[in-house]
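Please examine the model shown here before reading on. A set of questions and answers then follows.

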Amino acid sequence: MNFPAELRYSKEHEWVRVQNKIAIIGISDYAQKELGEVVFVDLPKIGRQMKSNETFGIVESVKAVSDLYTPVSGKIVKNNAKLEEDPELINTDPYGEGWIIEVEMSNEAELGELLPAQEYEAYVAEEKK
Amino acid sequence: MALKEKVGQNKKTPLFKVHEQLGARMTLFAGWQMPLYYTGIIPEHMAVRQKAGVFDISHMGKIEIRGGDALKLLEFLLPARISRLESGQVSYTFLCNQNGGLIDDLTVFVFSTEHYLLCVNAVCAEKDYSWIKSHAGPDVTVKNVTSDLALLALQGPLSEIVLDRAISGSWEKPRRFHFSETGITLTSKNIIVSRLGYTGEDGFELFCTPEEVISLWDKIINAGRDLGLRPCALGARDTLRLEMAYVLYGEDIDETVTLLEARFGRFVDFEKDRFIGKEALLEEKEKGSTRKLVGFVMEEKGIPRKGYPVFYEQKRVGTITSGSFSPVLHQGIGLGLINAYLARSAQEVEIGIREKRVKAKVALTPFIKPKTG
């Protein structure tokens, strides 16, 4: 399993890539494996304001419906429209083409609450037990 | 996101270690530890539609009924005319309660008028056994043989070729809804080969002793390997049956749903003198059902799931009972109960998915046309 070192992770299995004030968000390799084949993504509207840990969308596998929680507060400035036609990008490229939303952060200090790759990897190992 | 589900100390089929060795994602189903998928639900589903797949379904309930009054008992408990079934035939039928409500859907294997085997849903095995036994007189024995017989399903357009290669020696190939057996006592080394399934494709369900099922599984896997046969599990089993609009007990039907609401009227012989549920079903037949179980195919993106409401002209008119994504159609499909007057093919409705109303159409037949079934 893959946990790129430059990203930060939430305990809800989302990852964040920071580019200036923008947080690019998706779900981790562990999350996509647990979920199974993604067949539908319910993307939020652009412009929506969110508080951290709020549900921002839904990702559906064949068998289950899963909530997506935002790791940071801010305004949604982009969503990945490609996921409407190719939801399985979340499985095949969870950290690249499978990105889900981009958020203009309102409180960058929240990034400090997220886990670095090594800690997230350890957290996942505990969860698997 | 929210994940995970722990699988604890529950019943295991004789193939449990095989599933582990294959790296199956396991799940809990009706108190059994079962594989959910090996490689993925969609590739396993497509293997069955295009080539072949083999499933361990040993968890299914099996009830043996023997004796001079075996036919009489089944004639009373089942709504079909059992006496018209010939030896070697297997028939899809139901156990109803006094209200015509469904206790279970099942298949009955006819060995003779004094010997039947019922294959029932795993979740109903104990309930069905108790129900049948409670109606049995002295001249019939009822045995729960669930753990005495292992069961594999081999399904798909190539299943006949695979089975031909897997079984050595001569064997009589049954036609659809029939079975072959060369000795059915439980200590026999023979297998029962039946020609039916839960996928819509051509296929077989094979009963054998628990001691031999691993060997039978291996024979099938080896025979089918270069033909594209895959091991398939319960995840694909569910999406396959859903594409055929086949019901799943406990999801689409239960004791509060009548046989006629589920649109199984053609399986009833109302000319039969008596059977449990006859009066109630006759009354419903005359009055008409107030609701019907139908299929729904999504017209816009979205997946119907159990419990989602069905709307027509802004009014709630039904509820989804099961739903998922169809790998063949690339659309959401589901089954559900709807007010009877809307149970028409191509009727436009809306499914409530979270805060949205998503367009869907009623379907009264299977959603797909299988290659060979």
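Q: How many helices and strands does the secondary structure of chain B comprise?
A: Both kinds of element occur in chain B of this predicted model. The secondary structure of chain B comes to eight helices and 20 strands.

Q: What is the radius of gyration of chain B, and why does it agree with a compact globule?
A: The C-alpha trace of chain B spans about 60 × 50 × 40 Å along its principal axes. Because chain B has 373 residues, a compact globule would have a radius of gyration near 21 Å. The value for chain B agrees with this, being 21 Å.

Q: Which percentage of the residues in chain B is buried?
A: Among contacts in chain B with a separation of 6 or more, 67% join residues 24 or more positions apart. Of the 373 residues in chain B, the buried part is 57%.

Q: What area do chain B and chain A bury between them?
A: The contact takes 23 residues from chain B and 29 residues from chain A. Carbon and sulfur atoms carry 51% of the buried area. The area buried between the two chains is about 2,100 Å².

Q: How far apart are the closest N and O atoms of the salt bridge between B:Arg354 and A:Asp42?
A: The count between chain B and chain A is seven salt bridges. B:Arg354 and A:Asp42 form a salt bridge. Their closest N and O atoms are apart by 3.1 Å.

Q: Which element supplies the largest share of the side of chain B that touches chain A?
A: Eleven residue pairs are in polar contact between chain B and chain A. On the side of chain B that touches chain A, β3, α2, α7 and β17 of chain B each supply at least two residues. The largest share, three residues, comes from α2(B).

Q: Is B:Asp238 buried or exposed, and why?
A: B:Asp238 lies in helix α7 of chain B, which covers residues 234–243. Its relative accessibility is 17%, and buried means under 20%. B:Asp238 therefore counts as buried.

Q: Which residue of chain A is joined to the side chain of B:Asp238 by a polar contact?
A: Not counting residues up to four places away in sequence, B:Asp238 touches A:Lys63 and B:Leu248. A polar contact of 3.3 Å joins the side chain of B:Asp238 to that of a residue in chain A. That residue is A:Lys63.

How values were computed: Residues numbered from 1 in each chain as written. Chains lettered and ligands numbered in written order. Predicted model: local features only at pLDDT ≥ 70, side-chain atom pairs only at ≥ 80, totals over all residues. Heavy atoms only, no water. Helix = DSSP H or I, 4+ residues; strand = E, 2+ residues; numbered from the N terminus. Buried < 20%, exposed > 50% of the residue type's maximum accessible area, 1.4 Å probe, protein only. Polar contact = N/O pair within 3.5 Å; in protein donor to acceptor, adjacent residues only side chain to side chain. Contact = heavy atoms within 4.5 Å. Buried area = accessible area lost by both parts, 1.4 Å probe. Salt bridge = Lys/Arg side-chain N within 4 Å of Asp/Glu carboxyl O. Rg over C-alpha atoms; globule rule 2.2 N^0.38 Å.
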